[in-house]
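I set down here what I looked up in this structure, entry by entry.

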Amino acid sequence: MLLVHKGGVRLYSTPPVARKLNAITAAWANCEVFVLDEKSHRDQDVFEDHKVAAFKEMVQGFETIGIPESGDPRRTIEKWPIIQSYAVDEQGTRKFFTMSHKIIDVTHELSDVYSSLDLHGFSTMMLTSLELFKRHWTTTLVNLDAVYGGTKLSPLLASKSLREIQDFIAEPLTTYFTY
């Protein structure tokens with residue numbers, strides 16, 4: 001489940017998928033990831049209860065929920081199992097999701113986003129560009145450690161100006177973005 005809002009992103013995932021997504025979502029600002037631990041994930045009842053509780057927490061505080069549904073979004077969303085579970089008495093809600101949230105169609109708003117997506121381009125970006133960026137970022141952190149490896153400046157850079165030190169630290173990223 002994915003909830004994108006003005007202030008960030010809320011994402012629910014299973015542990016195996018979360019491990020793969022972590023490389024991507026770790027760099028996102030204000031990204032909350034809801035994931036059950038590996039051991040509890042194997043217990044189907046615990047897993048389902050956690051998913052419902054995570055969904056409720058994800059939508060808490062939002063009066064309006066948008067889904068890409070060009071028909072009747074209220075009718076469509078009430079057929080989804082996660083939405084149906086929202087009204088289960090043992091979860092404490094006792095009312096239908098559409099009674100406490102306004103459901104709107106966001107198909108038109110997402111059409112520009114969808115039209116700019118290219119599966120091949122996205123796959124290439126995720127498989128090559130992201131990995132390359134991660135390598136440059138890691139090298140930048142290594143440079144930072146080399147400069148400030150302890151409490152004082154590395155002797156190799158002690159005679160350098162602040163600008164030269166900054167350039168040394170950031171060189172992997174500046175090179176990455178230059179090309």
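The entries below follow that order.

**Basis.** I worked from a predicted model, in which local features need pLDDT of at least 70 and side-chain atom pairs count only at pLDDT 80 or more, while totals for chains, interfaces and linings use all residues. Residues are numbered from 1 along each chain as its sequence is written, and side-chain values use heavy atoms, with hydrogens and water left out.

**Sheet.** I took helices (H or I, at least four residues) and strands (E, at least two) as DSSP runs, numbered from the N terminus. I counted two strands as paired if DSSP finds at least two bridges between them. I found an open sheet of three strands in the order E1-E2-E3, with mixed pairing. E1 and E3 (31–35) are the edge strands, each with a single partner strand, so one side of each lacks a neighbour in the sheet. Direction ignored, neighbouring strands of this sheet are turned by 10 degrees against each other on average.

I then looked at the first pairing. E1 (residues 2–5) and E2 (residues 8–13) run antiparallel and are joined by four bridges. The two strands form a hairpin with two residues between them. Leu2 has Leu11 as its bridge partner in E2.

**Helices on the sheet.** For angles I used axes that are lines fitted to C-alpha atoms, for helices over the stretch in contact, with values from 0 to 180 degrees between N-to-C directions. Contact means heavy atoms within 4.5 Å. Helix H1 (residues 15–25) lies across E2 and E3 and runs at about 155 degrees to E2. Helix H3 (residues 44–59) also packs on the sheet, where it touches E1, E2 and E3, and its direction makes about 170 degrees with that of E2.

Is Thr25 buried or exposed? I applied the limits of under 20% relative accessible area for buried, over 50% for exposed and partly exposed in between (1.4 Å probe, protein chains only). Thr25, in helix H1, is buried at 8%. Leaving out residues up to four places away in sequence, Thr25 touches Leu11, Cys31 and Val33.

- Arg10 and Glu32 meet at 3.0 Å, N to O. Arg10 lies in E2 and Glu32 in E3, so this pair ties together parts 22 residues apart in sequence. Arg10 is buried at 15% relative accessibility, whereas Glu32 is partly exposed at 36%.
- Lys51 and Glu48 meet at 3.6 Å, N to O. These two stand three residues apart in helix H3, about one helical turn.
- Asp167 and Arg163 meet at 3.5 Å, N to O. Both lie in helix H9 (residues 162–178), four residues apart. Arg163 is exposed at 55%, and Asp167 is partly exposed at 38%.

**Surface patch.** I noted a nonpolar surface patch of Trp137, Leu141, Leu144, Tyr148 and Leu162, with about 490 Å² of accessible area together. Patch residues have over 30% relative accessible area and no salt bridge, like charges being joined within 9 Å and nonpolar side chains (Val, Leu, Ile, Met, Phe, Trp, Tyr) within 5 Å. Areas come from the Shrake-Rupley method with a 1.4 Å probe, and for residues only the protein chains shown count as cover. Helix H8 (residues 119–147) gives the largest share, three residues. Leu144, found in H8, is partly exposed at 37%.

Conventions: Salt bridge = Lys/Arg side-chain N within 4 Å of Asp/Glu carboxyl O.
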